[in-house]
Amino acid sequence: MLRRWQSVTLWKRVLIGLALGAILGLSAHYLGGDAAINFITNWVYPFGEGFVRLIKMLILPLIFTTLVVGVIAMGDPKRLGSLGFKTIALYLFTTFFAVFLGLISGRIFKPGVGVDFSEVDPSIRADLAKTATQETPTISESLLAIIPENPVAAMAGNDLIPVIFFAIIIGIGIISVGEKGKPLVSFFESAERVVMKITLFVMELAPFGVFALISWVMADVGLGIISAMGKLALALYLACFVHIVVIYGGVLVRMILKLPLLRFFYGVVDAQGVAFSTSSSSATLPVTISCAKDNLGVDASIAGSVLPLGATINMDGTAIYLGIIALFAAQALGIDLSLMDYVMVAITVTLTSIGTASVPSASLFLAFAVLGVFGVSLEQYTLIVAFIFPFDRLLDMMRTVTNVTGDIAVACTVAKWENQLDEDVFRAEPVH
């Protein structure tokens, strides 16, 4: 029985977990009453939280070891500069389209028209007010924060960008000293293999973790939460779907790579399934790297350097979301936006999305920087966020799917440019 279960492709097992979890959660919400909901919260959800914690446990060692090994594999610091420029340029290119797609979607669906803020829970509003009062760092502060004063403290605090910077510096230092750095080369290569093997063990638990997480979400909010904000959800999901198919699929895969579109999407579906359930690009990173290398033929050096960077700065789903939220807020509050407002919103969304932490619902709390462009007060922002927050998890799921798909599409494109993409693997027919 166990062998039969393991013979099924991971993404299919994840989908089975999603479906069964949704059925259980909805049954508890609509048929079981408070007792059933409490049972899922107290006895089922902890398994999902445990799965997420296992993945989070691996994030830092995975990012650090894969980045160091990825830099070492390049063999030449000059190539690292070229690779970094191409990667960041591609991420900015896709983010540009994501921002305007979000604004267009908000204009078409008008998700904020007719919204009644009287339904907001005052207790939620009070909690969010504390979060909203945190100051947004300036651009110079954000740039300086890249350089860690204490790398160990950055690791302990899960501050990923400084860790990425430190890992790149370590990798450059190792290849710069040549022969004398070989003991460290062997150490980090061994460490990376060990972490990846542990990651594969953890990912075998993904269907069960997904089952627990989805059952808890559905038991807590039910289907009513979807209908309450249906236009907002539809605007986001459709915009993300268009971005994935047109920009990632049509532009990057078909026009630039000239590779089969369906094969790409089949190759990334495992990562999309985990991204949808965990709502975290960082938590999905292990399976993202696995999909890029094993399913699509991306060289380990590219996957180990481009994908951890993408999990931190490539937030196209967030860019789409923040654009829609800006329109939602303006419509709900009756604010008419000028052309300059749209331009400033687009610029602010781009900068804000790049700095968004790759953890669930992080982008929702950074929306104040965007809404402040057209005069939304702290109190108004708190009302808006409190209204959305109860079901933001369902929106965050699609945002993360978009981010992770973009990470892999960019990795494939950079690998192709660097002659590090095995097209035979990319084009190969799936085993299952």
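In which helix is the place of Gly-171?

**View 1. Gly-171 sits in helix 7.** The model shown here is predicted. Helix 7 covers residues 160-176, and Gly-171 is among them. Is Gly-171 buried or exposed? Gly-171 has a relative accessible area of 0%, so the residue is buried; the cut-off for buried is under 20%.

**View 2. Gly-171 and its contacts from elsewhere in the chain.** Set aside the neighbours within four places in sequence. Gly-171 then touches Val-68, Val-71 and Ile-72. Look at Thr-65 as well: Thr-65 and Gly-171 are 106 residues apart along the chain. Their C-alpha atoms are separated by 9.6 Å.

**View 3. Helix 12 packs with helix 20.** Two packed helices are described by an angle and a distance, both taken between their axes. Helix 12 spans residues 261-278, and helix 20 spans residues 392-417. The angle here is about 145 degrees, and the axes lie 8 Å apart. The crossing is right-handed.

**View 4. Side by side: the residues joining helix 12 and helix 20.** Helix 12 contributes residues including Phe-264, Phe-265, Val-268 and Phe-276. Helix 20 contributes, among others, Arg-393, Met-397, Val-401 and Ile-408. What kinds of residues make up the contact of helix 12 with helix 20? They divide into 13 nonpolar, five polar and one charged.

**View 5. The whole protein, with 21 helices and zero strands.** Buried residues account for 52% of the 432 residues. Consider contacts between residues at least 6 apart in sequence: 84% of them join residues at least 24 apart. The accessible surface is about 19,300 Å². Carbon and sulfur atoms hold 67% of that surface.

Terms used: Residues numbered from 1 in each chain as written. Predicted model: local features only at pLDDT ≥ 70, side-chain atom pairs only at ≥ 80, totals over all residues. Heavy atoms only, no water. Helix = DSSP H or I, 4+ residues; strand = E, 2+ residues; numbered from the N terminus. Buried < 20%, exposed > 50% of the residue type's maximum accessible area, 1.4 Å probe, protein only. Contact = heavy atoms within 4.5 Å. Areas by Shrake-Rupley, 256 points an atom, 1.4 Å probe, with all protein chains shown as cover. Axes fitted to C-alpha atoms, helices over the stretch in contact; angles between N-to-C directions. Left-handed = near helix turned anticlockwise from the far one by under 90°. Nonpolar A, V, L, I, M, F, W, Y, C, P; charged D, E, K, R; others polar.
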